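Me: I am new to this structure and would like to learn how to read its features. Could you walk me through them one at a time?

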Amino acid sequence: MKLSVVIPAHNEAGSIAETLRETATALERAEIEHEILVVDDASSDGTPAVVRAVGAEHPGVRCIASHNPRGFGFTVRAGFERFEGDAVAVMMADGSDNPDDLIRYHAILDAGYDCAFGSRFLVRGSVHDYPRVKLAINRLANWFVKVLFRHGYNDTTNAFKAYRRDVIETVQPLLSPHFNLTVELPLKAIVRGHSYKVIPISWRNRTSGESKLAIQEMGGRYLFIVLYVFLEHHLSRGDYHRSSGGVRG
């Protein structure tokens, strides 16, 4: 199973080289057929040139420019239109996600699950240097989503997840232009009947550059998407649901 890794990037020249090298090395060591697709979101700091330099070392790394308006969700969606693998994972450019967890995601999909989800807040999961205010908001938001959807998953908002290609087709049309895509994708996959497995993962805060997530701007957008998927689940009479699926294992 060929795995595509979509990495949205806006002004990540200071961190993306290490992220790409670590990820490419882990995939090569595991002998996983892959591509790493960096989607540049109008960077002004030379991010595409850094990606091309790493691509000279690791042929599976390539960079494209997003043709969409600015925004995390728009950038990921541009990558979904261009990835070539049988499955796709979304990773952050800042090095916060662990490439070893990506290898475990691939094994889950290869075993037949439709989606591979991680949680930083399970036993054996970990976070390092998470800003306290963001952590408190994260736990409250994920508690709300877990109670609303009763899916038992406590890290829905984390972007780092992997999906088979047919899941990306099933969850269309995607609406989120910004970081609210991180909840739209897994929630749609769940309510539309795809199978998934959750494993503990590790996360570390970036050491270079600045976070692009502005919490004060995103609250209403997250809530809109959560309620949109909730209403679809309860009012659409299964119009968007797969004929089989659900949680396994």
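**Reading the features**

Reply: Let's begin with Arg 237, which counts as exposed at 81% relative accessibility. Here buried means under 20% relative accessible area, exposed over 50%, and partly exposed in between, using a 1.4 Å probe and protein chains only. Please keep in mind that this is a predicted model, where local features need pLDDT of at least 70, side-chain atom pairs count only at pLDDT 80 or more, and totals for chains, interfaces and linings use all residues. Residues are numbered from 1 along each chain as its sequence is written, and side-chain values use heavy atoms, with hydrogens and water left out.

Me: Which residues have a positive phi although they are not glycine?

Reply: The general idea is that most residues other than glycine have a negative phi. In this model, Arg 237 has a positive phi of about 55 degrees, and Arg 237 lies in the segment after helix 8 (215-235). Helices (H or I, at least four residues) and strands (E, at least two) are DSSP runs, numbered from the N terminus. Asn 11 also has a positive phi of about 55 degrees. Asn 11 sits in the loop between strand 1 (3-9) and helix 1 (16-29) and is partly exposed, with a relative accessible area of 25%.

Me: Is the peptide bond from Gln 172 to Pro 173 cis or trans?

Reply: In general, most peptide bonds are trans. The one from Gln 172 to Pro 173 is cis, with omega near -5 degrees. Look for Pro 173 in the loop between helix 6 (165-170) and helix 7 (181-191).

Me: How many disulfides does a search of the whole structure find?

Reply: A disulfide is a covalent bond between the sulfur atoms of two cysteines. With the cut-off of a pair of cysteine sulfur atoms within 2.5 Å, the search finds 0 disulfides. As for cysteines you can look up, Cys 63 is partly exposed, with a relative accessible area of 25%, while Cys 115 is buried at 0%.

Me: Which element gives the most to the lining of the largest cavity?

Reply: Rolling a probe the size of a water molecule over the atoms shows where empty space is left. On a 1 Å grid over the protein atoms alone, a cavity is a set of points where a 1.4 Å probe fits but cannot get out, and lining residues have an atom within 4 Å of a point. Helix 7 gives the most to this lining, with 4 residues. Among the lining residues are Phe 72, Lys 161 and Leu 185.

How values were computed
1 Å grid on protein atoms, 1.4 Å probe; cavity = no way out; pocket = protein on both sides within 12 Å on 5 of 7 lines; lining within 4 Å.
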